[in-house]
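Subject: Structure handover

Hello,

Here is the structure I promised you. Please open it beside this email and follow along.

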Amino acid sequence: VTREHGDIDIFVFEDDQRSLFDFLEGWNLVAHDEKEPQATEPWTGRALVLPAHIHAREPGAANAELVRKWVTPPYSQAKDGRDFELIINEGTGSDWVLNAPSALSIAWADGVRESPWGVPTAAPEVLAFFKATAYFGQKRLWARAHDITDFDALVPLLAPDRRRWLRDSISALHSDHPWLEKVS
């Protein structure tokens, strides 16, 4: 654990969007994607255009209001452990596509590990990759404080081959990334 988290992030693959929508019937869901990056209205189940994520809370009017506060300025989370962010990713038969424009991917067997609770979990180097690249180069935001903290906590835990993978993957997208020296 690197810090207290305001939500629980769950990776879901693009082909499973409809099943996810059906499974969470009645939940309060607001989706953000390329078509509607600042959405505040409930997700209708329409196919999302990657990159995409969904803010989610259990059914009920009180939770609907809490989701609305989460996705509307000034963006306040309940921080009660019941906020979920469902991050939609692309996958192929044997690979998790981390960045479609650059065709950067990782084999499922390398990118997903079993947690101590038996839950499939993103490998630490995949999390560090997302922390380093999710906002890099965007005018509105770049390094969020918690992303820096998470990255700095994860990198020392990585085996040398996983550090190389992380360095090479970040460099493939951003050869000038200032965090590359932290991975060397």
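Contact means that heavy atoms lie within 4.5 Å. Helices (H or I, at least four residues) and strands (E, at least two) are DSSP runs, numbered from the N terminus. Buried means under 20% relative accessible area, exposed means over 50%, and partly exposed lies in between (1.4 Å probe, protein chains only).

This is a predicted model, where local features need pLDDT of at least 70, side-chain atom pairs count only at pLDDT 80 or more, and totals for chains, interfaces and linings use all residues. Residues are numbered from 1 along each chain as its sequence is written, and side-chain values use heavy atoms, with hydrogens and water left out.

Helix α2 and its cover

Start with helix α2, residues 61-71. Its buried residues are N63, V67, W70 and V71. The arc is that of the directions from the helix axis to the C-beta atoms. A61 and A62 are exposed on the other side of α2. What covers the buried residues? The cover includes β2 (28-32), β3 (52-57) and β4 (84-91).

P73 sits in the loop between α2 and β4. P73 counts as exposed, because its relative accessibility is 57%.

Now look at Q17, in helix α1 (residues 17-23). Q17 is buried, with a relative accessible area of 8%. Its side chain reaches the backbone nitrogen of L48 at 2.7 Å. That is a polar contact: a pair of N or O atoms within 3.5 Å, where within protein one must be able to donate a hydrogen and the other to accept it, and residues adjacent in sequence count only if both atoms are side-chain atoms. Leave aside neighbours within four places in sequence, and Q17 is in contact with W43, R46, A47, L48 and I88.

I88 belongs to strand β4. Is I88 buried or exposed? It counts as buried, because its relative accessibility is 5%. Not counting residues up to four places away in sequence, I88 touches several residues, including V12, F13, Q17, L48 and H53. I88 and H53 are 35 residues apart in sequence, and 5.5 Å apart in space, C-alpha to C-alpha.

Two packed helices are described by the angle between their axes and the distance between the axes. Helix α4 (residues 124-133) and helix α6 (residues 160-173) pack at an angle of about 25 degrees, with axes 10 Å apart. Axes are lines fitted to C-alpha atoms, for helices over the stretch in contact, and angles run from 0 to 180 degrees between N-to-C directions. α4 and α6 are therefore roughly parallel to each other. Angles under 35 degrees count as roughly parallel, over 145 as roughly antiparallel, 65 to 115 as roughly perpendicular, and the rest as oblique. From α4, the contact residues include V126 and F129; from α6, they include W165 and L166.

Helix α5 covers residues 145-154. D147, D150, F151 and L154 are its buried residues. They cover an arc of only 100 degrees around the axis, which puts them on the same side of α5. Their cover includes α4, α6 and α7 (180-183).

Last stop: G137, in the loop between α4 and α5. G137 counts as exposed, at 65% relative accessibility. G137 and H177 are 40 residues apart in sequence, and 9.3 Å apart in space, C-alpha to C-alpha.

Best wishes
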